[in-house]
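I opened this notebook to keep track of what I look up, one entry at a time. The sequence and the model come first, and my entries follow.

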Amino acid sequence: MKKKLITKILSISVAGAVALTPAAAFGAQTEENAQTESTEAAEETKEVEDLKIKTETQELTVKNQTGYALTAGELEDAADETEDAKAEDTKTEDTAETTEKAQGKMLTVTGEDGTEHVFKNIDPDSWTEPVIYDEYGFLYIKYENKDKKEEEVAETAAEKEWGESLTMYLLSNVNVREKADKESKSLKVLSTGTEVKGIAVAPGWIKVQADDITGYVYHTYITENKEAADAKVKAEQEAKAQAEAAAAQAAAAQAQQSQNNYDYSQDQGSYQEPAQSAPQAAPQEKYEVGRQQYDDCDGSGHGYYEITYSDGSVGYEEY
């Protein structure tokens, strides 16, 4: 009897241990999973540090909007880096241009994957509120200059072709350039909202195909966002309608003034006109009634005005 009782007690103890083991193991596993998930969440939500650039006069903070860690190297003299290039260019007519471009500093920014991004001919001491951002794999630094005008500098890198074309839209009336250069020949001017195919990207430029041409559009005036482009088109249409309404109102006011002058001269008897002939206002030359300014539409440093005239026609004037 005693042996049977001991056997029964042992059976209950073993069963209890077996019953408790999965719960303990599950608890340990849950804690481990929780720690893993917490670590992953921390990695996903961690904020990248801003970029620090040591200049001759200060340590400049550049707000990092790339979404990944960056490290800034020492500023170097751009002239030193381009000595070989200048020596080679002495054989060409570009020597003066090369010397001019060699002014300023050179900065190398390294990404967390080891990729280096080189900015040439920069003057960080003149920057205010600088921000670094990524667009299609290239880095840009935008800032305000000493005159409080917003400018930007792109890294120096080779053009990259896209495996598949992107449907893109223009945000302004822009020049399509023959090369990725603001001084390059303009192949065509395309209007706001025009749909194009983006086929490659270069620092500061998007290579596009449109109609029968292939060329480059400055990157800040092109987007994949059709809604943004449609909003620009709508805004321009509204501005044009307002200008045309103002032109019509001005023309009507001028016609009324001419009629009033005629009536007054008739009353004074100083104007002789056959009774059967209605007075004819002298033809008026068209005049400007509206002017819309567009700043630097292609990175050339020059913008243009869209001018609406009294006869409803529209013209363009660069500045």
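**Entry 1: around Y169**

I looked up the contacts of Y169 and found that, leaving out residues up to four places away in sequence, Y169 touches G193, T194, E195, Y221, I222, T223, E224, N225, K226 and A229, where contact means heavy atoms within 4.5 Å. I was working with a predicted model, in which local features need pLDDT of at least 70 and side-chain atom pairs count only at pLDDT 80 or more, while totals for chains, interfaces and linings use all residues. Residues are numbered from 1 along each chain as its sequence is written, and side-chain values use heavy atoms, with hydrogens and water left out.

Y169 lies in strand 10; strands here are DSSP runs of E with at least two residues, numbered from the N terminus. Is Y169 buried or exposed? Y169 counts as buried because its relative accessibility is 11%, the cut-offs being under 20% relative accessible area for buried, over 50% for exposed and partly exposed in between, with a 1.4 Å probe and protein chains only. I also noted that Y169 and E224, 55 residues apart in sequence, are 6.1 Å apart in space, C-alpha to C-alpha.

**Entry 2: strand 13 and its partners**

From strand 10 I moved to strand 13, to which six bridges join it in an antiparallel run; two strands pair if DSSP finds at least two bridges between them. One of the residues I checked was T167, whose bridge partner in strand 13 is K197. Strand 13 is mostly covered, with six of its eight residues buried. On to strand 14: five bridges join it to strand 13, and these two also run antiparallel. A202 stands opposite W205 in strand 14, and in the hairpin of the two strands, which has two residues between them, G204 takes a positive phi near 90°.

**Entry 3: the cores**

Which residues have the most contacts inside the largest nonpolar core? They are V196, V208, V217 and I222, in a core of 21 residues; such a core is a set of buried Ala, Val, Leu, Ile, Met, Phe, Trp, Tyr and Cys residues joined through side-chain atoms within 4.5 Å. Among the strands that each supply at least two residues of this core are strand 10 (160-170), strand 13 (195-202) and strand 14 (205-210). Apart from this core lies another, of 16 residues, among them Y68, W127, L139 and Y143.

**Entry 4: rings**

I then looked for aromatic pairs and found four, counting rings of Phe, Tyr and Trp (its six-membered ring) whose centres lie within 6.5 Å, with planes under 30 degrees apart called stacked, over 60 edge-to-face and the rest tilted. W127 and Y143 form a stacked pair, 4.9 Å centre to centre with 25° between the planes. W127 is in the loop between strand 6 (116-122) and strand 7 (128-135), and Y143 is in strand 8, 16 residues apart. W127 counts as buried at 5% relative accessibility, and Y143 is buried at 11% relative accessible area.

Five strands form an open sheet in the order 1-2-7-8-9, with mixed pairing. Strand 1 (51-54) and strand 9 (150-154) stand at the edges with a single partner strand each, so one side of each is left without a neighbour in the sheet. Within the sheet, six bridges join strand 7 to strand 8, which run antiparallel, and the bridge partner of V131 in strand 8 is K142.

Terms used:
Helix = DSSP H or I, 4+ residues; strand = E, 2+ residues; numbered from the N terminus.
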